[in-house]
Amino acid sequence: MDVEKPPPGPSPSRPSPYGPSSYGPPPEGCLVRAIRLPVRIVVLVLVLPVRMLWDALVVGGRFARDTVLRPLGRAAAVLGWALFVWPWTALWRYAVVPVGRVLGLLGHLLVVVPLAWLYRRVLTPLGHALAWAGRGTAAALAWLYARVLTPVGHALALLFRAIALMLAAVAAGVYAGLAWLVRRLVVVPARWLYRWVLVPVGRAAARCGRGLWWLGTAAVSGVGFVLHWIVRVLLVLPASAVCRWVLVPVARALAVVAREVGEALGHAWRVAGRISLAVGRFLGTLFRWILVEPVRWVYRTVLTPVGHVVRDTVLRPAAAAARAVGRATGQALAAARRTVRQARADVRRALFGEPRRPRPAARREPPVRETRTLGSSTTALTKD
């Protein structure tokens, strides 16, 4: 008898009846190991040119984006702003807005002010007169309704109510007679026919129907049982055997091949990336030592001193002269703007007069009393 309790789960020396254990990778057979290495070699040979071409396209696309597309985009944006945005902005600011203000002022003087005077001096008194006439008409109609139409309506309502009561009494008598006749001639014979004829016939028909249903059910059950076993023996059992002993092994083999091909593709893509990176670094180093370093030496030792000389002797004096011309042009434009603004203010003052200045409001608070000091006094004898 064992003292210690065995650990739960299948024994390590005995395989589990429920398939491979979930605590580690599934065991691999010799077929898998024999397929893996050739598949990976073939896939690497096929994937390596594709990966190198892809890396070359990526590097070329980045170089084209940084050196060609971005400068072209910025230049196109500046050109588009200069050709489309700035002309419309200037037209709106210096043509449409001043014309709109002038038209708004003319509309206010020619349309709004006359309409306001017409409303205040003509339409408002006319509306008050129409409202007074409407109130008088409403009072007359209210007196006619209360003193004439209401009593006549009450008298007609009493007359119609009496006629309705008489008609209701006659209709009730006729309804009672018709109900008695229908009960004696229709209801009583129909009830007797239902109780003594239809009920026995219906019960006999129901018993016959239940017997026929039982016979049909038994026949259908027997036929279904026989067809079930025929279909099971002829179709289900062969199909199950084919699925279990043919399709499942073939599917497992295809799954193993597909898994190995997928893993080989991933491994080959990574290895091809390493090889492509090494080749790219070698080509980059070769390009730097063949072209970049000589160009850099020429730029540093030849072009930079020449550029400094050109900058000090040509560009800086030209920039200073351009700045001086720009300052003079800006001062002239500022003076022209001030002149135009002053002329516009003079025209407005000549047309509409001086603008009204706000009147200072009278202060209601008492004047603030001065602060008392040592040299001042509030008594009548010592007051200055």
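## Pockets

A pocket here is an open set of grid points with protein on both sides within 12 Å along at least five of seven lines, and its volume is the space filled by probe spheres set on those points. Keep in mind that this is a predicted model. With that in hand, the largest pocket comes out at about 550 Å³. Its lining takes in 15 residues, and the ones nearest the centre are Pro98, Arg101, Val102, Arg344 and Arg348. Sort that lining by class and you get 9 nonpolar and 6 charged residues, with no polar ones.

The second largest pocket holds about 280 Å³ of space. Its lining draws on Met52, Asp55, Ala56 and Val59, along with Ser276, Leu277, Val279, Gly280 and Leu283. What classes do the residues of this lining divide into? There are 6 nonpolar, 2 polar and 1 charged.

## Cysteines

How many disulfides does the structure hold? The count is 0. As a reminder, a disulfide is a covalent bond between the sulfur atoms of two cysteines.

Cys243 has a relative accessible area of 37%, which makes it partly exposed.

## Salt bridges

Side chains of opposite charge can pair when their charged atoms come close. In this model the count comes to 6 salt bridges. One of them links Arg65 to Asp66, with the closest N and O atoms 3.2 Å apart. Another brings the side chains of Arg70 and Asp66 together, at 3.7 Å from N to O. Why are Arg70 and Asp66 separated by about one helical turn? Because they sit 4 residues apart in helix H1, which covers residues 30–352. As for accessibility, Arg65 is partly exposed at 38%, Asp66 is partly exposed at 40%, and Arg70 is partly exposed with a relative accessible area of 45%.

Further along, Arg296 forms a salt bridge with Glu293, and here the closest N and O atoms are 3.5 Å apart. Arg296 counts as partly exposed at 39% relative accessibility, and Glu293 gets the partly exposed label at 24%. These two residues are 3 apart in helix H1, so about one helical turn separates them.

## Aromatic rings

A search of the whole structure turns up 1 aromatic pair. Phe225 and Trp229 make it up: their ring centres are 6.3 Å apart and their planes sit at 70°, so the pair is edge-to-face. The cut-off behind that label is an angle over 60 degrees between the planes.

Phe225 and Trp229 are 4 residues apart in helix H1, so they too are separated by about one helical turn. Is Phe225 buried or exposed? At 52% relative accessibility, Phe225 counts as exposed. Trp229, with a relative accessible area of 42%, is partly exposed.

Note on methods
Residues numbered from 1 in each chain as written. Predicted model: local features only at pLDDT ≥ 70, side-chain atom pairs only at ≥ 80, totals over all residues. Heavy atoms only, no water. 1 Å grid on protein atoms, 1.4 Å probe; cavity = no way out; pocket = protein on both sides within 12 Å on 5 of 7 lines; lining within 4 Å. Nonpolar A, V, L, I, M, F, W, Y, C, P; charged D, E, K, R; others polar. Disulfide = S-S within 2.5 Å. Buried < 20%, exposed > 50% of the residue type's maximum accessible area, 1.4 Å probe, protein only. Salt bridge = Lys/Arg side-chain N within 4 Å of Asp/Glu carboxyl O. Phe/Tyr/Trp six-rings, centres within 6.5 Å; stacked < 30°, edge-to-face > 60°.
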